Amino acid sequence: MELMQIRYFLEVANTKHMTNSAKNLHITQPALTQAIRRLENDLGVPLFTAKGRNIVLTEYGKYLQKKLEPLMSQIDDIPEQLKMMVELESETIHMNVLAASSLVMEAIIQYKKEHGDINFQLHQNVESELYDIAVTTKLFYQASDEENSFACAEEIYLAVPENKKYRNRTSICLTEVEEEGFVSLLGSREFRYICDRFCQHAGFTPRIIFESDNPSAVKNMIAANLGIGFWPEFTWGSIENESVRLLKIEEPVCQRDIIIHYNRNKTDSHNVIDFFDFLTEFFRQKKA
């Protein structure tokens, strides 16, 4: 199959009308009809069949459409991806931040004070490989063998209301809160997955009673004695709220690794490496 044949087929498959498809493709109808027939001959199966004055896909045609549409979408995305690769050669550092976004922003602000000529673009795309530096997370026991990477262990605490039940506690086991309602951060898939794994390890599935994409909202819900929640040690910082306290989780061990990785995408990667070194040192100091 030729690329042009694929484009012609998908256009006809979407419109189910030869004349309209030919107009959209800026070719004559006989030329389009001939191209479709040639494709059918090459594949050895009928792709369309007549239905009144219109045409419809055969089962072979439906199968081919299902297979080709995602491939064509990827092909159409290539020019934009190549453009982004060109941009990676500039003085812009492209970051894919999937964890610890607040801490990363602190580091960028601090770095920009001394390096005003360096620009940053932040993305959140789990599938993207087009980045200079990525910040991701893994369970602490999942080893990372990536080159050009740094791992920093982060303790996950349990944030609880300052009520009679928890007032004198400094630590807790997850099994003790099996019946509690959990307040969760919406949108942070990796963090949510990791916290669910902690609960599964303790033998239960957390009962989520409230979700928000704002850490302050999560904190306020806990302070209002409406639930409890997991709290990453230095990504979200300390809780300056007398109505909420952080308890160390004794069992199971609740930690995750923040992974910082950089790619050598540029002809000259010294700016990327310089910020990578700054960022990893920034995380070390926060952990100390």
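This passage looks at the overall build of a predicted protein model and then at its nonpolar cores. Local features need pLDDT of at least 70 and side-chain atom pairs pLDDT 80 or more, while totals for chains, interfaces and linings use all residues. Residues are numbered from 1 along each chain as its sequence is written, and side-chain values use heavy atoms, with hydrogens and water left out.

The protein chain has eight helices and twelve strands (DSSP runs, H or I of at least four residues for helices and E of at least two for strands, numbered from the N terminus). Its radius of gyration is 27 Å, well over the 19 Å that the globule rule gives for 288 residues, so the chain is more spread out than a compact globule (taken over C-alpha atoms, with the rule being 2.2 Å times the number of residues to the power 0.38). Those C-alpha atoms fill a box of roughly 85 × 50 × 30 Å along the principal axes. As for burial, 40% of the 288 residues count as buried, meaning under 20% relative accessible area with a 1.4 Å probe, protein chains only.

On to the cores, which are sets of buried Ala, Val, Leu, Ile, Met, Phe, Trp, Tyr and Cys residues joined through side-chain atoms within 4.5 Å. The largest holds 30 residues, and Leu158, Leu174, Val177, Phe182 and Phe230 touch the most other members. Several elements supply at least two residues each, including strand S6 (149-161) and helix H7 (215-223), but the largest share, six residues, comes from H6. A second, separate core of 26 residues includes Ala100, Ile133, Phe150 and Leu279.

How values were computed. Buried < 20%, exposed > 50% of the residue type's maximum accessible area, 1.4 Å probe, protein only.
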